[in-house]
Amino acid sequence: MVNTGALSRLPSPALPPHICSGCEFGPHKRVRKYDIGITSGNKQFYFPKYMTTAPFLEQHASLAAGKRRYLHSISSIYSTEQMRRQMKQHYLDVLHSCLQSGNCVKAFGRAVHALARLGDELWLDPLAKGLALRSVNSAHSAYSCFLFSPLFFHKYNLRSATEKSAEAIKCKLLMKSILPLFRLPSIERTVERFEISIEEDLVKMKFFCKHGIVKTHNLRFQESDALQAVFSSHLCPNVLKAPAKLLSDMVMHFPVSQEEITLSISAAKVSLRNYFERGNGHMKLMHTEMSLHPDEFHYFQVGVDSDITFCLKELRGLLTFAESHCLPVSVYFGAAGKPVCFSIEDMVLEATVVLATLMETESRAPSQHTATPLNTTTSRCEVEAPQDRSGVEQVASSQGSPILAPRLSLYPSQIDLPCGQGDPIRTHAPSPAPSLVCSLLFKALSQAEDAALDPKVLVGVSDEEDVMEEEPQSPPL
Amino acid sequence: MPLSTQSQTNEEFYVLVATLDNARNLSNILKAIAFKDHAIFSATPNGLKVTVEDSKCLQANAFIQAEIFQEFTIKEDLVGFQVNLTVLLDCLNIFGGSTVPGVLTALRMCYVGYGYPLTLFLEEGGVVTVCKINTQEPEEPIDFDFCSSNVTNKVILQSESLKEAFSELDMTSEVLQITMSPTQPYFRLSTFGNSGSAHYDYPKDSDMMELFQCTKTQTNRYKMSLLKPSTKALALSCKVSVRTDTRGFLSLQYLVRNDDGQICFVEYYCCPDEEAEEE
């Protein structure tokens with residue numbers, strides 16, 4: 001019910017001409033035949049005819065023209081017809097298809113490139129919550145997922161879930177057949193619209209380019225089990241949220257050939273350094289270490305001091321993507337051995353990379369030429385007191401962090417750890433002994449997601465149901 | 001920079017003398033058709049025609065009119081010989097082919113006649129090189145009998161759009177299928193590779209389409225390996241005309257502008273893929 005008293009105190013708002021769809025108020029009126037003209041003073045206002053029968057206006061015949069106009073503008077925004085239109089857009093339809101504009105093709109292409117750095121195959125998963133692109137590397141130690149929500153697309157139609165209940169399409173494409181379609185510098189210039197649809201056994205990609213040229217690519221896909229990693233990011237003790245360029249600026253200092261890096265976190269700082277195996281002429285390699293003060297992060301939470309070592313190569317794709325979209329990167333991790341998750345999100349897309357980390361019982365650190373050996377062989381996270389390093393040149397951080405004296409701890413002498421990241425687990429939980437193991441949270445998505453999702457089962461083998469530890473189910477990535 | 005007159009004493013013995021201030025005007029065009037070692041040269045008073053053939057299915061011709069040359073003297077109506085094109089290109093680029101502006105390699109090409117080598121005088125920055133390349137008996141180039149009256153479909157496109165398509169073509173496909181039709185899809189390039197098929201459609205009202213004359217719907221397949229060399233000519237050209245005739249033979253004509261803005265033509269003739277038609 002409208003309180004006319006209150007309304008009479010309202011000044012008539014100056015409406016921009018386009019505020020009401022279909023009706024224009026302003027200097028360039030478009031008067032339709034059925035519009036009703038109402039004169040108020042010197043001005044004439046036009047309303048669509050149906051407005052005169054609108055119940056709320058009928059009861060308030062004394063409303064001035066300006067007030068009616070105002071009410072009409074509000075009502076058209078919230079009209080049920082418009083609501084219905086909007087809901088229809090989000091409802092599931094008959095075809096699997098989505099349309100994008102040219103600008104979005106760039107984001108899509110960049111996502112494909114980032115995934116291509118990881119593995120040779122791309123999983124396309126149209127879901128109600130969006131189109132998911134996933135990839136995993138051959139050693140199954142790295143997984144990445146880019147989820148584009150329906151809002152990313154101009155139109156997103158999914159075959160309704162009720163028709164094919166458990167048979168949602170899960171298609172796997174070869175990266176080498178899809179990557180050449182998205183040549184990054186040129187694609188944003190030439191493609192105006194992009195359509196992707198998944199039919200019986202084909203993924204159809206249509207690029208509508210400039211000058212009316214249409215490129216259609218029909219790619220055959222293999223049906224396969226879904227690929228999904230289960231990672232309880234909310235259970236991670238350590239959480240960082242870094243501004244967009246911070247991490248990519250840091251990894252820029254490592255040579256492209258650097259395979260693995262170690263991220264160390266403590267209450268005082270976060271540091272990144274390159275990782276190398278002992279006994280491989282480590283003294284001849286260039287050692288790089290960078291430290292960041294907690295203030296440089298948007299969010300900094302340290303639950304357990306730890307050093308995690310993971311493969312840098314597979315992360316670069318995501319960092320490039322985050323930098324190009326100016327999105328902050330969140331890092332979730334725990335102690336060494338547990339996977340680390342890097343994720344970015346904005347309104348229309350989410351991307352995550354889950355990497356396995358080296359699990360080791362011994363600590364590692366670059367040795368210094370003036371170092372004094374320590375007796376301890378315990379893991380690094382237990383070494384509390386920072387020690388001074390003399391003779392080491394320290395470079396002031398460009399971000400303005402205070403220069404911190406890095407902690408010194410040395411190699412324990414005894415055990416030679418094998419190089420590389422080890423084999424994916426197939427059976428049970430690894431023993432904590434010196435064997436180097438990568439644990440990973442993958443589980444092939446079986447149709448019934450009932451079992452307590454086990455964080456230690458790996459991807460690709462849907463029949464394996466190794467239930468080791470009971471952990472609360474976390475939302476799949 | 002014109003060459004010195006040291007060879008003028010032999011002038012009367014040469015049946016063909018062609019001089020260019022910038023040898024690149026010739027070498028760039030020849031690179032566009034250099035997919036085989038041997039080339040047949042035919043010189044007439046109108047200019048020079050160089051032909052390269054492959055397995056009797058593909059023929060490439062480069063036309064350099066007499067007007068392009070600073071001097072073009074020919075004593076007979078037709079002078080023909082065959083040389084190793086790779087060697088000729090190496091000689092034309094003997095000074096390293098640097099792209100420093102202002103530094104040009106001048107060329108004087110002389111041919112005495114049947115049985116004599118082709119003599120090239122190249123000069124750059126005061127240094128003169130003389131190359132003598134052995135010639136062979138010219139083979140008769142295949143006559144594809146492609147005449148305008150048999151042409152069913154003709155399309156002239158700006159090379160920009162085709163360049164992109166050709167660079168993205170799926171190389172795992174053995175054939176390139178060209179569909180030309182007065183109705184949808186007006187001009188379509190299709191490949192059928194390992195991962196699936198791809199289609200590039202050019203509408204007849206596109207701004208890239210300069211001329212569209214299609215009388216009937218034709219779909220022909222050509223071996224990708226045969227058409228691959230034409231991408232070099234496409235890269236140099238600004239316009240390309242695609243014609244097919246009643247037998248399905250393909251004619252690609254490329255309009256190439258050289259460094260001085262003069263126009264030369266390169267054309268490719270290709271036979272349709274017979275095996276595909278039998279399927």
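This is a predicted model: local features need pLDDT of at least 70, side-chain atom pairs count only at pLDDT 80 or more; totals for chains, interfaces and linings use all residues.
The side chains of E164(B) and K215(A) form a salt bridge, with nitrogen and oxygen 2.6 Å apart. By the rule used, a Lys or Arg side-chain nitrogen must come within 4 Å of a carboxyl oxygen of Asp or Glu, so the distance of 2.6 Å between E164(B) and K215(A) qualifies. Two salt bridges are found across the interface of chain B and chain A. Polar contacts across this interface involve ten residue pairs, with both residues of each pair at pLDDT 80 or more.

On the chain B side, two elements each supply at least two of the residues that touch chain A: the helix α3 (159–168) and the strand β13 (196–202). The largest share comes from β13(B), which gives seven residues. Sorted by class, this side of chain B has nine polar, five nonpolar and four charged residues.

In total, 18 residues of chain B and 13 residues of chain A take part in the contact. About 1,400 Å² is buried between the two chains, and carbon and sulfur atoms account for 45% of that area. Within chain B, the residues that lose the most area to chain A are E164(B), S195(B) and H199(B), which together make up 31% of what that side buries.

Next come the aromatic rings. Over all chains, the structure holds 22 aromatic pairs. In chain A, ring pairs join F108(A), F148(A), F152(A), F153(A), Y156(A), F182(A), F194(A) and F207(A) into a cluster. Rings also take part in contacts with charged groups. R193(A) places its charged end over the ring of F208(A), 4.2 Å from the ring centre. In chain B, R247(B) lies over the face of F249(B), at 4.0 Å from the centre of the ring.

Two points of backbone geometry remain. Most residues other than glycine have a negative phi, and most peptide bonds are trans. H211(A), which is not a glycine, has a positive phi near 65°. This residue is in the loop between β10 (202–209) and β11 (214–220) of chain A. In chain B, the peptide bond from Q184(B) to P185(B) is cis, with omega near -20°. P185(B) belongs to the loop between β11 (175–180) and β12 (187–192) of chain B.

Note on methods. Residues are numbered from 1 along each chain as its sequence is written. Chains are lettered from A and ligands numbered from 1 in the order in which they are written. Side-chain values use heavy atoms; hydrogens and water are left out. Rings of Phe, Tyr and Trp (its six-membered ring) pair if their centres lie within 6.5 Å; planes under 30 degrees apart count as stacked, over 60 as edge-to-face and the rest as tilted. A charge sits over a ring if NZ of Lys or CZ of Arg is within 6 Å of the ring centre and within 35 degrees of the ring normal. Contact means heavy atoms within 4.5 Å. Buried area is the accessible area (1.4 Å probe) that two parts lose on being put together, summed over both. A polar contact is a pair of N or O atoms within 3.5 Å; within protein, one must be able to donate a hydrogen and the other to accept it, and residues adjacent in sequence count only if both atoms are side-chain atoms. Helices (H or I, at least four residues) and strands (E, at least two) are DSSP runs, numbered from the N terminus. Ala, Val, Leu, Ile, Met, Phe, Trp, Tyr, Cys and Pro count as nonpolar, Asp, Glu, Lys and Arg as charged, and the others, Gly among them, as polar.
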